[in-house]
Amino acid sequence: VFNCPLKNAGDKMNLRSVYDSVSAVLDGIDFGELYCGFHRYGMALYNADEACVDGNMIPRPDVFRGNTAVDYGGRYIAIWDIDIDPVDAPKLLAYHMVHEMFHCHQFANGEARYPDDLALLNYPDDALNFTRKYREDLCLADAFEHKNAEKLREFAAIRALRAETFPAAVREELKTETIEGMAEYVGLRALRRIAPDKFDSVLDGYLDILREDGELLFNVRKMCYYSGAVFFLCLEMADIPVRNDFTGSATAYESVSIDISGVSVDVSPSETVERGFLAYKKKKEAAVAAHTANSAYTECRARICGYDPMNMLHSGDLIYCSHFVFLKCGDEIKRILSPVVLKVAPGSDRD
């Protein structure tokens with residue numbers, strides 16, 4: 001529950017009051033200090049029925065879906081659904097809005113390194129790769145917590161090994177860190193200024209996540225939020241410049257040189273990770289089976305053109321979308337605003 005006035009007990013949060021509280025926090029942030037050239041963008045908070053856009057109450061626009069940056073009225077604004085993702089304090093919500101505003105900044109500056117979310121969804125089913133990824137995450141967490149340069153070198157060496165084995169998949173990870181990890185890094189820099197105690201708490205949680213060998217380890221796209229943000233904070237801590245050319249082809253990770261000469265990498269198989277990996281595969285299969293058990297199959301030759309990557313999973317040749325998906329069928333856009341399973345064409349991630 002927000003620490004803001006409500007309409008009535010049990011009623012929905014007063015959007016305008018929440019907006020004003022968050023906006024007041026943002027007023028105290030020097031965006032240019034967070035990231036060179038960054039500035040404040042427009043903001044909208046919304047629920048199922050209405051939205052507060054730049055302080056003005058309107059019916060919820062249909063384009064408002066999820067927490068992201070959107071082109072609204074010819075300009076980029078940051079949006080947040082406070083029904084689906086309530087945040088417990090204005091300072092925390094302000095930090096999230098800085099993250100989304102940085103996505104506006106990426107769009108406005110011609111960012112060209114977006115990951116292929118659907119390719120990431122079809123990530124290689126390889127237990128050894130996930131074991132190495134887990135060891136990589138452990139090294140990153142230790143590098144940050146203990147200011148340990150050798151752990152950062154070990155992290156980079158393991159990543160180099162994974163990139164050699166699965167170059168296409170790992171490059172999609174690096175793109176995701178460049179987009180989402182960088183936005184989270186900038187958001188965390190804001191949080192460190194406006195609420196240092198909350199920054200410490202959030203970072204402790206992120207380090208715990210990097211050290212977990214549970215189900216989240218296999219959600220590669222989501223893990224890149226944490227690994228990317230912590231990596232950029234490690235660079236900052238080590239006085240290594242964070243380089244990020246919006247229009248370049250190199251990812252933010254590839255733009256930094258970390259010396260891994262002489263670092264030996266010996267990552268032995270992990271029974272815990274392997275068991276978790278098999279359980280995750282079975283859980284995905286079960287989710288698809290549960291949906292299809294009582295569903296009719298409709299032939300629809302189409303291409304996925306709109307989706308929520310945080311609420312999709314891939315199992316075999318099937319994609320389960322738990323929230324919504326938009327399909328392009330010839331000249332028509334089919335909008336499915338409920339859970340659906342899609343059968344993917346051979347050799348494609350989106351047909």
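Predicted model: local features only at pLDDT ≥ 70, side-chain atom pairs only at ≥ 80, totals over all residues.
**Group meeting: strands, hairpins and the overall fold**

Residues are numbered from 1 along each chain as its sequence is written, and side-chain values use heavy atoms, with hydrogens and water left out.

Okay, back to that pair. Strand 4, residues 68-72, runs antiparallel to strand 5, with five bridges between them. By pairing I mean that DSSP finds at least two bridges between two strands. Strands here are DSSP runs of E, at least two residues, and helices are runs of H or I, at least four residues, both numbered from the N terminus.

What does strand 5 pair with in the parallel sense? That's strand 1, residues 42-46, again over five bridges. Ile79 turns up here too, as the bridge partner of Ala44. Strand 5 itself covers residues 75-81, and five of its seven residues are buried, meaning under 20% relative accessible area with a 1.4 Å probe, protein chains only.

Now the other hairpin. Strand 7, residues 312-315, sends Met312 and His314 one way and Leu313 and Ser315 the other, and all are buried. Strand 8, residues 318-321, runs antiparallel to strand 7, joined by four bridges, and Cys321 is the bridge partner of Met312. There are two residues between these strands, and this time it's Gly316 in the turn with a positive phi of about 65°.

Zooming out, we've got ten helices and eleven strands. The radius of gyration is 21 Å, close to the 20 Å from the globule rule for 351 residues, so the protein is as compact as a globular protein of that length. That radius is over C-alpha atoms, and the rule is 2.2 Å times the number of residues to the power 0.38. Along the principal axes, the C-alpha trace spans about 60 × 55 × 40 Å.

How much of the protein is buried? Buried residues make up 49% of the 351. And for contacts, meaning heavy atoms within 4.5 Å, take those with a separation of 6 or more: 66% of them come from residues 24 or more positions apart.

How values were computed: Buried < 20%, exposed > 50% of the residue type's maximum accessible area, 1.4 Å probe, protein only.
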